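Visitor: I am new to reading structures. Please pick a single part and take me through it closely, then show me what else is worth a look.

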Amino acid sequence: MQVLSGKPIMEQIVAGRLCFYRRLEPQVQLYTRGDWRQEVNRFHRAQQTAILELNTLYHRAFHQVGDTVASIFLIHGMLLEDHDYVETIRTLIQGQGATAEYAVQMAEISFSAAFAAMDSSYMRARASDIRDISQRVLRALMGGRQTLLMDEPAILVADDYLPSEVMDFDQRRLLGLITRKGSLDSHTAMLVRAYHIPAIVEVNVTPKCEGRLALMDGYTGSVYIDPDQEQLEQLRELYQANGRPKGHALSIQ
């Protein structure tokens, strides 16, 4: 048995097989062969599409978990219209002949790095918001859509999760979330708490753990890989004493 430590977001205990979530990285063309004005127009159309999608997410979250959490997606909409963010993209397109896709990617890298370098942990956590809105615009530009299908119940593992990804996970099959990085101050963490999803951040899980059984102890922040029977029974008792927060999770042997 291997024991890993992290920081818990929710005080819940679950067990399941580990499944690594791998986000597809879009391949974009760097420079346009057409009129830069057409690229600027393409960006603004994608920007408006993204804002409409965020408005839909806001209303969905508002009805499910209330206005405070739902306002995350209003903030994302405002970030998409931020003057510095928009002008950075427009300048790359007009001044360097970049495609709209490449300009959005470069703006994402620049702005997320700037937030990640800030002293405040709250401001550092905003880097994921920039990545989230930029990926949404890229999908609108490239005609793709976010798909997060799960074949069976599992605990998902990734470096980090973007806030809107939490809204797209299949709640019927999602047992919990583990991140190798992540933040307790992020909007992702806020959504996880609102939707009562078991989650632990800053856990050094390696890809060789793919498919292996894990126990997430949200009270201590420990993750047990291939737990022994004694540990399983101890956590089962604690799990049952705390209201069985995820019903079927500890039935896995």
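Guide:
**A cluster of rings**

Tyr21, Tyr161 and Phe169 form one aromatic cluster. Keep in mind that this is a predicted model. A search of the whole structure finds six aromatic pairs. One of them joins Tyr21 and Phe169. Two values describe a pair of aromatic rings: the distance of the centres and the angle of the planes. For Tyr21 and Phe169, the centres are 6.0 Å apart and the planes stand at 80°. Planes over 60 degrees apart count as edge-to-face, so this pair is edge-to-face.

Now find the two partners along the chain. Tyr21 sits in the loop between β3 (13–20) and α1. Phe169 sits in the loop between α7 (163–168) and β5 (174–179). The two are 148 residues apart, so the pair links distant parts of the chain. Tyr21 has 17%, so Tyr21 counts as buried. Phe169 has 5%, so Phe169 is buried too.

Compare another pair, Tyr31 with Tyr102. Their centres lie 6.2 Å apart, with 55° between the planes, and the pair is tilted. Tyr31 is in the loop between β3 and α1, while Tyr102 belongs to helix α4 (residues 100–116). They are 71 residues apart, and this pair also links distant parts of the chain. Tyr31 is partly exposed, at 46% relative accessible area. Tyr102 is buried, at 17%.

**From rings to helices**

Two packed helices are described by the angle between their axes and the distance between the axes. Helix α1 (residues 36–65) and helix α3 (residues 83–96) have axes that come within 9 Å and cross at roughly 155°. That makes α1 roughly antiparallel to α3. Their crossing is right-handed. On the α1 side, Trp36, Glu39, Val40, Phe43, His44 and Gln47 take part. They meet Val86, Ile89, Arg90, Ile93 and Gln94 of α3. By class, this contact has six nonpolar, three polar and two charged residues.

From α2, the contact includes Ile72, Phe73 and His76. In α8, the residues met are His187, Met190, Leu191 and Ala194. The contact of α2 with α8 has seven nonpolar, three polar and no charged residues.

Note on methods: Residues numbered from 1 in each chain as written. Predicted model: local features only at pLDDT ≥ 70, side-chain atom pairs only at ≥ 80, totals over all residues. Heavy atoms only, no water. Axes fitted to C-alpha atoms, helices over the stretch in contact; angles between N-to-C directions. Helix = DSSP H or I, 4+ residues; strand = E, 2+ residues; numbered from the N terminus. Parallel < 35°, antiparallel > 145°, perpendicular 65-115°, else oblique. Left-handed = near helix turned anticlockwise from the far one by under 90°. Contact = heavy atoms within 4.5 Å. Nonpolar A, V, L, I, M, F, W, Y, C, P; charged D, E, K, R; others polar. Phe/Tyr/Trp six-rings, centres within 6.5 Å; stacked < 30°, edge-to-face > 60°. Buried < 20%, exposed > 50% of the residue type's maximum accessible area, 1.4 Å probe, protein only.
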